[in-house]
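The exercises below are to be worked with the sequence and the model open side by side. Each task is followed by a solution in steps.

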Amino acid sequence: MTRGWSLVVCICSGILLSFAFPEPSVAPLAWIAIAPLLVLARGSARKGFALGVAFGLGFFGSLLIWVSVVGWVAWAVLVVMEALYIGAFGAAWGLISRLDRRWWVLFAPALWVACETLREVAPVVGFPWGQLAQSQGVFPWLLDISQVGGGKTVSFVLLAVNVMVASAWLSRGVARVVWAAGGAAMIAAMVLLTYVIPQIDGDAPPHSSEILRVAIVQGNASPGVLVEDERARVERHMRLTQQLADDHIDLVVWPESAVGIDPFLDADVKNMVSNAARSVGAPMIVGANIEDGPDHYKVEALLVDAQGNIIDEYQKTHLVPFGEYVPARDAFGWIPMLDQIPRDAVAGHDPNNLEVGGHEIATVISFEGDFGHIVRDRVADGAGLIVVATNTSTWKHSWASAQHLAMSQVRAAETRVPVVHAALSGISGFVSFQGLVGNTTELYTEDTLVADISTAADISIYARTGEWLPWSCIVISLVGMLYAFRRRPTGTVPA
């Protein structure tokens, strides 16, 4: 195949992989879509980099098309930056693929997980969107293995399956049958492990008899970056909460930015929040923006008791660059698109859990819920329930909201702790400890959801042990590249 056609195939394969993610959610595509890159990029680091970038441009260009809502330049810059990581994977794969094919099933998955891990760190504060586990929410039996090493366990397995597909394509006769059978056996093993892992980690489901009746209040917002009446938004949330007065609620959750006017400075807004809590007779977790001087603000979750008093707060620690603040504003401030971010949010430094009725709740705000290690740390500190308060109203009727909910599915499955996913304009929903989504709201509607949630009494292996898999994969990748570099002359491709 000519180089030009190889680039076209990799771009198309990347686009195909994006369709495995919500909302197309054709999850099995993730089992095969990376195989063409593995086949075409083998044997040469330079060729691997070029084909990897092409794959990445197709994948992220399609997956993140919703970013174009705030500008095509922002979309292009983000897509190119993320595609470079797939280019790095391709280059490393071009080197490691010189080894005997039997090693591929170890080194290719390790390389992919290493790249997913590095994407969580840079550029700026990282961007984990597009990790393979996020595509598998329709298969809870596959998400279930994430409790061992986090969501990246799923990525490792999916790459192993892709390796077997690629190896079967490159093989002939009996070898082709063996590789194909190996891929089928791995999928079967994942189904089996759904039943084995809970036995290893305890005989009973990891939940207590403690039940919290939780309500999500979705007050809605205007789509896009339009400025709207913030006071009317608070009033909508208050009215919807008051309608829950007879539902015997234990906890009410208002999403991120439900209160866009500082209640500590505006008595009317504070009274509306207090009246809502008193009317339902239950504590509330309320997403609010709090003033911090003329040029800054804080993104917070306020804990309001049943009497309407603000008794605790959590300040978002992991902010969205070029969304909630502009890094190096003096250098970038000339870009017209950044006029949409006139003030910078200030990051908090205390990732504290909130306590409701004796239950510790890991409250994470929007972007924070995309990072497994952030949520994992708070679960390890004792949280038996995760609340993800988010505002995806900027992204209109795009894939963004469904993709964000998919991340909460991964967080629940990998920690074995249920998630309350409260979105200002939808999609809101409850996620079980297995990553299963119950009833959800529609986009851009005023709505409430109520569910009885069994809080976690125990947590997963991953939540107890931490990020051992990503670090192991980084080490394995480095060892593999060193071994391949010394093993074969440049340009040699195994038969």
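This is a predicted model: local features need pLDDT of at least 70, side-chain atom pairs count only at pLDDT 80 or more; totals for chains, interfaces and linings use all residues.

**Exercise 1. Cis peptide bonds**

Task: Find which residue is joined to P123 by a cis peptide bond, and state where I427 lies.

Solution. 

Step 1. The bond between A122 and P123 is cis, with omega about 0°. P123 belongs to the loop between α5 (104-119) and α6 (140-143).

Step 2. A cis bond also leads from G426 to I427, with omega near 0°. I427 is in the loop between β10 (419-423) and β11 (429-431).

**Exercise 2. The surroundings of S401**

Task: Determine which residues S401 is in contact with, leaving aside neighbours within four places in sequence.

Solution. 

Step 1. Locate S401 in helix α14 (residues 400-415). With a relative accessible area of 2%, S401 is buried.

Step 2. Beyond four places in sequence, the contacts of S401 are T392, G426, I427 and L443.

Step 3. Take G426 from this set. G426 is 25 residues away from S401 along the chain, and their C-alpha atoms are separated by 6.9 Å.

Step 4. Look for a polar atom pair. The backbone oxygen of G426 is 3.3 Å from a polar atom of the S401 side chain.

**Exercise 3. Helix α10**

Task: Compare the span of α10 with the expected value, and identify which residue caps its N-terminal end.

Solution. 

Step 1. α10 covers residues 230-242, which is 13 residues. From first C-alpha to last it reaches 19 Å, close to the 18 Å expected at 1.5 Å a residue.

Step 2. The N-terminal cap is D229, with a side-chain oxygen 3.0 Å from the backbone nitrogen of R231.

Step 3. The buried residues of the helix are R233, V234, R236, H237, M238, L240 and T241. In general, residues three or four places apart in an α-helix point the same way, because there are 3.6 residues a turn.

**Exercise 4. Packing of α1 on α3**

Task: Describe how α1 and α3 pack, giving the angle and the distance between their axes.

Solution. 

Step 1. Helix α1 (residues 3-18) and helix α3 (residues 45-63) meet at an angle of about 35°, and their axes are 7 Å apart. The crossing is right-handed.

Step 2. From α1, the residues in contact include L7, C10, I11 and G14. On the α3 side they include A54, F55, G58 and F59. The residues of the α1–α3 contact comprise eleven nonpolar, six polar and one charged.

**Exercise 5. The chain as a whole**

Task: State how many helices and strands the chain has.

Solution. The chain has 16 helices and 13 strands. Of its 495 residues, 58% are buried. Among contacts with a separation of 6 or more, 71% come from residues 24 or more positions apart.

Methods:
Residues are numbered from 1 along each chain as its sequence is written. Side-chain values use heavy atoms; hydrogens and water are left out. Helices (H or I, at least four residues) and strands (E, at least two) are DSSP runs, numbered from the N terminus. The expected span of a helix is 1.5 Å times one less than its number of residues. Buried means under 20% relative accessible area, exposed over 50%, partly exposed in between (1.4 Å probe, protein chains only). A polar contact is a pair of N or O atoms within 3.5 Å; within protein, one must be able to donate a hydrogen and the other to accept it, and residues adjacent in sequence count only if both atoms are side-chain atoms. Axes are lines fitted to C-alpha atoms, for helices over the stretch in contact, and angles run from 0 to 180 degrees between N-to-C directions. A crossing is left-handed if the near helix is turned anticlockwise from the far one by less than a right angle, and right-handed if clockwise. Contact means heavy atoms within 4.5 Å. Ala, Val, Leu, Ile, Met, Phe, Trp, Tyr, Cys and Pro count as nonpolar, Asp, Glu, Lys and Arg as charged, and the others, Gly among them, as polar.
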